[in-house]
Amino acid sequence: MSENQHTKELSQGLRGGEDLYLLWVNELVKDFSLRGGGFLGLKEERLRAVDGVSFDVKKGETFGLVGESGCGKSTIARCILQLTKPTAGEVYLDGTNLIELEYKELQAFRRRMQIVFQDPYSSLDPRMTIKSAVEEPLIVHKLGEKQERMDRVEQILFQVGITPDQLERKPHEFSGGQRQRIGIARSLILEPDLVILDEPVSALDVSIQAQILNLLKKIQRRRELTYLFIIHDLIVAEYFCDRLAVLYLGAVMELANRDTLFHKPLHPYTITLLSAVPIPDPASKLKKKQIILKGDPEIAVDRPVGCRFQPRCPVGNDRELCKAEEPALAELEPGHWVSCHYPGELSLTD
Amino acid sequence: MMEAGRDNVLLSVNNLTVEFATREGDFPAVRDINFDIDRSQKVGIVGESGCGKSVTALAILRLIEPPGRITSGTTILKGRDISTFSDREMQSIRGKEISLIFQDPLTSLDPVMTIGKQITEIIKKHQKGISSRDAKDKAVELLRDVEVPNAEKRLGDYPHQYSGGMRQRVMIAIALANDPDILIADEPTTALDVTTQAQVLHILEKLVDERQTAVILITHNFGLVAEFCDKVLVMYAGKIVEQASKHQIFSSQNHPYTEALIKSVPNPEILEAGDLPTIPGIPPSIVDLPPGCAFEPRCPLGNGVDICKQVIPPRVQLSDGRSLVISECHFAQDRWNQKE
């Protein structure tokens, strides 16, 4: 099958009914150039952080991007937000390809997608009052008069649990959980359609995580928001996401809805990942076998041919097909996509 | 299983209090804590930020620096009170009888010294008279134990040439180089990916089981506790509010904080469609501790109750003949009786 034909089928398969989809990422590629390789450091090497990733997100759903360091999930988020320009591929928001837009046209779309960052300690300007921090997006996009802006700021902060008497305070006067609430408020003030949550609870204590996750769910229901959730904690992912894509070294290994991914995974990397998660319950019967990967993840610099997971794969390590050919992302059952030559061979219950 | 006999006790921490001096006065990071570690026992210390778990580890090894200081308590290691040891005497304990590994191996390893040199250095420090040849052989053996491939060649590499998971495994190798009785691991896998974490813990467990090393694992990850530990100490605002076997802690918590905390941990076994249970409010700051129980403002049981507001709860030992739970709560006995 030629590459173009494959892409077309993939994209048609992924995009069921056009108006259902808020975000469509198509064959996204992002390369970074690394200087300093080779003799005298003159060779320029290319790091392919995102290697042809496609997925779409339905209006109102929570789509999870799951993977470990180097998988490309944060780079994908930055490409979607146009914070960095992709090397190839398209990003469609509500049917419009953002990559082709001029700066001014892009601004209008920028309002519709916002991001909440991981680290509540560094994502707020320490010199600004939280009132100003949350007001800032409105000023940047030239929205509303001073009084209207103030009303909106107060209202949104109240919705996330920050009372009016706290508005003039600076970030350091708040706890991590409160700062994350402020970050969430700031992302909502422009009333976006899509919010990208980049590890929003990873830096928080367990009991505070629960508070923030509940808040995010409540806001989503109330405002009919669509979430793209970047997460490494698989238990939180299972709790929070409707559909997920598992990424490894810049490519999608498996994509499915929550129940399928967590209970009937087919890709050996997904299965390994799930088996590695420690369950907070010693009496749990969920984990029958733990698969320990050998070796360490390789950085995808001028990666050789074959499946990128093959060197560490419990199934494909040493198999000819896996070494020779990168498996295509194929829809093995409706809505369940897997990129593997031997899907389903690995089992946790032997 | 618990308290198998006094001669099994390796380390006994009694009435330990650590205070930090500030302009506004002295504030306690750790308040009158008591616990024992048995030979080859794996103990988890859990709690949220600011509860004092890391300070506890540093206090055991007398690594508390000003403005912090240990203001009371004894630390009995194999029958000797090391809390009165001089710094010189402590140097023969650290890295030899008790070892410590931290979360971030990048800051613990010297970036301009080869991995080999850092391992042999610790070996030579505590095994006086060992030849360089023997120390090097031991270093290679240790790297093999922690599954670093091409161990002999990799002795000559620098920390930045190792991946994060490998560096943490090197830390384990260094910590176990002199066969300590106790290994203290403070959030050893927090900065690692989940598959790397599994790898590191698998190796750690293999090695400590082989060597019968006791482990104090400091973590906020209940999954790790469930997989790795025998006994659990739950800390809140500088106190150990509950101590029990792992099974006890997960199945029937005595202290209301332990119960609320376990319930707020997402658990795939009981994934619910609704909201996650939470604990309202936030942990207190050490400069603002109430006169009574520090958990009272957030406690579903004690909030507003006079004795909880005014009196620090006593340590209560609860036993049914098979298991022992130690809980610091005014309602501890009642709750214990109720579950019978």
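Where does Asp179(B) lie? Select Asp179(B) and you will land in the loop between helix H7 (164-176) and strand E7 (182-186) of chain B. Keep in mind on this tour that the model is predicted. Asp179(B) has a positive phi of about 50°, although it is not a glycine. With 12 other C-beta atoms within 10 Å, Asp179(B) is exposed.

Stay in chain B and pick Pro67(B), found in the loop between helix H1 (53-60) and strand E4 (68-77). Look at the peptide bond that joins Pro66(B) to Pro67(B): it is cis, with omega near 10°.

Now hop over to chain A and select Glu191(A), in the loop between H6 and strand E7 (194-198). Glu191(A) is not a glycine either, yet its phi is positive, about 55°. Glu191(A) counts as partly exposed, with 13 C-beta neighbours inside 10 Å.

Next, color helix H6 (residues 176-188) and helix H7 (residues 206-223) of chain A. Their axes come within 10 Å and cross at roughly 15°. Angles under 35 degrees count as roughly parallel, and H6(A) and H7(A) are therefore roughly parallel to each other. The crossing is right-handed. To see the contact, show side chains: Ile184(A) and Leu188(A) are among the residues of H6(A) that meet H7(A), whose own contact residues include Leu215(A) and Ile219(A).

Last stop: show both chains. Here 33 residues of chain A are in contact with 36 residues of chain B. H7(A) gives the most to chain A's side, with seven residues. That side has 17 nonpolar, ten polar and six charged residues.

How values were computed. Residues numbered from 1 in each chain as written. Chains lettered and ligands numbered in written order. Predicted model: local features only at pLDDT ≥ 70, side-chain atom pairs only at ≥ 80, totals over all residues. Axes fitted to C-alpha atoms, helices over the stretch in contact; angles between N-to-C directions. Helix = DSSP H or I, 4+ residues; strand = E, 2+ residues; numbered from the N terminus. Parallel < 35°, antiparallel > 145°, perpendicular 65-115°, else oblique. Left-handed = near helix turned anticlockwise from the far one by under 90°. Contact = placed C-beta atoms within 7 Å. Nonpolar A, V, L, I, M, F, W, Y, C, P; charged D, E, K, R; others polar. Buried ≥ 20, exposed ≤ 12 C-beta atoms within 10 Å, placed from the backbone.
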